[in-house]
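Hi,

Here is the structure I promised to pass on.

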Amino acid sequence: MPKIRREKYDRRAGLPARLIGMGAIVIVVLLVGIGLWKTHESAQRLNGKLYTHRPRRIMGTESTIYAVADARRKAEEIHDVLMEVEEVLRSVESKMSVWLQDSEISRLNAAQEGEWIQLSHETTAVLLRAREAYYDTNGAFDITCSPLVEVWKRAGRQGVLPEKEEIESARNASSWDDFEFRDNRVKKHSDRARVDLGGIAKGSAIDRAIAVLQRHGCIGGLVDIGGDLRCFGTPPVGEGWDVEIRNPFSEGVLKKIQVVNSAVCTSGNYARFSIIDGLRYSHIIDPRTGMPAENIPSVTVIAEDAVSADIRATALSVTGKEGIEHLPRGIEALFVTGTEENYSVITTPGFQYVLAE
Ligand code: AMP
Ligand code: MG
């Protein structure tokens with residue numbers, strides 16, 4: 001194992017800046033689970049005061065919002081900011097969830113061929129970003145593979161593998177050619193065309209939440225939805241935000257990293273999968289074959305923004321570590337491959353800069 005340098009990773013600065021002493025670990029955010037604060041709200045440095053808010057379930061998971069504000073600001077004011085962040089997260093969920101029947105995405109999925117559906121600017125922007133990602137990832141990230149996602153979800157519930165014809169039919173049912181955009185309206189060219197924003201909605205919600213904190217003058221912050229997160233600034237104590245990457249095979253910690261001005265998202269089949277005939281099938285589908293992605297236990301991606309990290313983590317779960325070669329600059333990844341008994345950790349060279357130990 002090469003000796004790992006302890007360096008602060010600041011994407012905005014472009015180059016990793018050397019750490020001036022690690023100081024105490026300030027914040028530990030489990031990639032699945034609830035963040036553990038090792039300091040409390042009165043911790044202060046550079047006049048920064050830390051506020052925490054844990055909203056009730058959003059997008060089917062736990063989330064935590066951390067805001068660092070100038071200590072001279074009124075606590076009530078920051079409380080209002082945290083409430084506004086929660087509202088933004090809930091509004092993304094209400095527009096983009098496939099689980100909510102009256103969401104914009106559900107309306108689009110239910111629409112008939114040729115019917116123009118009016119969408120909000122936010123939802124349209126996410127759809128267009130997802131379409132761009134389809135081309136950027138050579139088809140590995142494809143939100144139009146929703147019919148396949150549904151086929152495999154049902155197979156998991158029933159414990160029966162789908163027929164070849166069923167997979168083929170779902171694969172042909174929906175593609176980007178079936179969607180036409182005009183301003184904030186979308187028209188489908190086929191009734192069966194559908195999208196599933198499960199691989200991008202959290203990232204989008206996190207980015208919007210961070211924008212709220214910044215707009216209200218917070219000097220730092222971190223938004224974590226179910227282990228996917230983005231941070232900016234620094235916590236009141238410490239040089240960066242400490243994040244723990246979960247071991248996909250146990251409740252334990254695999255690696256600790258420290259990040260500044262970055263997003264960290266994890267995908268893989270460790271948390272969500274189905275068992276059919278004793279075999280584990282990922283909830284992530286390879287749109288090119290129609291089959292669940294081959295068992296990558298977990299992929300953690302660091303990018304400048306959460307949408308990029310979210311997209312790439314899902315895409316790399318499809319391509320496996322071969323996908324590293326095609327990553328654009330500024331995206332780092334850590335793969336856990338193999339099995340519990342015999343696994344290995346593979347990273348892009350840049351990921352080494354964030355490893356805390
Ligand atoms: P994530 O946990 O961010 O990797 O997202 C996984 C979710 O994205 C799945 O539960 C599906 O809803 C959806 N999904 C599955 N396969 C793909 C894919 N190849 N491209 C885009 N979204 C996908
Ligand atoms: Mg994703």
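**Salt bridges, hairpins and the ligand**

Glu168 is partly exposed, with a relative accessibility of 34%. Before I go on with that residue, please keep in mind that this is a predicted model.

Glu168 forms a salt bridge with Arg171, and their closest N and O atoms are 3.4 Å apart. Both residues sit in helix α5 (residues 164-173), three residues apart, so about one helical turn separates them. Arg171 is partly exposed as well, at 30% relative accessibility.

There is another pair of this kind in helix α1 (residues 75-96), where Glu86 and Arg90 lie four residues apart, about one turn of the helix. Glu86 forms a salt bridge with Arg90, and the closest N and O atoms are 3.0 Å apart. How covered are the two ends, buried or partly exposed? Glu86 is buried at 15% relative accessible area, while Arg90 counts as partly exposed at 28%. The cut-off matters here: Glu86 counts as buried because its 15% falls under the 20% limit.

Within it, Arg182 pairs with Glu180, the closest N and O atoms being 3.3 Å apart. Arg182 is partly exposed with a relative accessible area of 43%, and Glu180 is partly exposed too, with 24%. The count for the model comes to 16 salt bridges.

Now the ligand. Which residues come nearest to ligand 1? Out of 17 residues around ligand 1, these are Asp196, Ser267, Arg272, Ile285 and Thr314. The shell around ligand 1 is made up of eight nonpolar, five polar and four charged residues. Helix α7 (residues 306-319) gives the most to that shell, with three residues.

- The side chain of Thr314 has an N or O atom 2.7 Å from an oxygen atom of ligand 1.
- A polar backbone atom of Ala140 is 3.0 Å from a nitrogen atom of ligand 1.
- Gly199 has a backbone N or O atom 3.1 Å from an oxygen atom of ligand 1.

As for cover, ligand 1 exposes 500 Å² when taken alone, and the protein buries 95% of that.

On to the hairpins. Strand β16 (residues 273-276) and strand β17 (residues 279-282) pair in the antiparallel sense over four bridges. Phe273 stands opposite Ser282 in β17. β16 has two faces: Ser274 and Ile276 make up the covered one, and Phe273 and Ile275 the uncovered one. Two residues lie between the strands of this hairpin, and Asp277 in the turn has a positive phi of about 50 degrees. Asp277 is exposed, with a relative accessible area of 64%.

The other hairpin joins β21 to β22 through four residues. Strand β21 (residues 332-338) and strand β22 (residues 343-347) run antiparallel and are joined by five bridges. Tyr343 in β22 is the bridge partner of Gly338.

Where does Met59 lie? Met59 is in the loop between β6 (48-53) and β7 (63-70), and Met59 has a phi near 50 degrees, a positive value in a residue other than glycine. For context, most residues other than glycine have a negative phi. That is why I would check the backbone at these places by eye in any case.

One more loop to mention: Asn247 is found between β13 (241-246) and β14 (253-260). Asn247 counts as buried, at 12% relative accessibility. The side chain of Asn247 reaches the backbone nitrogen of Phe249 at 2.8 Å.

That is what I have so far.

Cheers

Notes
Residues are numbered from 1 along each chain as its sequence is written. Chains are lettered from A and ligands numbered from 1 in the order in which they are written. This is a predicted model: local features need pLDDT of at least 70, side-chain atom pairs count only at pLDDT 80 or more; totals for chains, interfaces and linings use all residues. Side-chain values use heavy atoms; hydrogens and water are left out. A residue is near a molecule or strand if one of its heavy atoms lies within 4 Å of it. A polar contact is a pair of N or O atoms within 3.5 Å; within protein, one must be able to donate a hydrogen and the other to accept it, and residues adjacent in sequence count only if both atoms are side-chain atoms. Accessible areas come from the Shrake-Rupley method with a 1.4 Å probe; for residues, only the protein chains shown count as cover. Ala, Val, Leu, Ile, Met, Phe, Trp, Tyr, Cys and Pro count as nonpolar, Asp, Glu, Lys and Arg as charged, and the others, Gly among them, as polar. Buried means under 20% relative accessible area, exposed over 50%, partly exposed in between (1.4 Å probe, protein chains only). Two strands pair if DSSP finds at least two bridges between them. A salt bridge is a side-chain nitrogen of Lys or Arg within 4 Å of a carboxyl oxygen of Asp or Glu.
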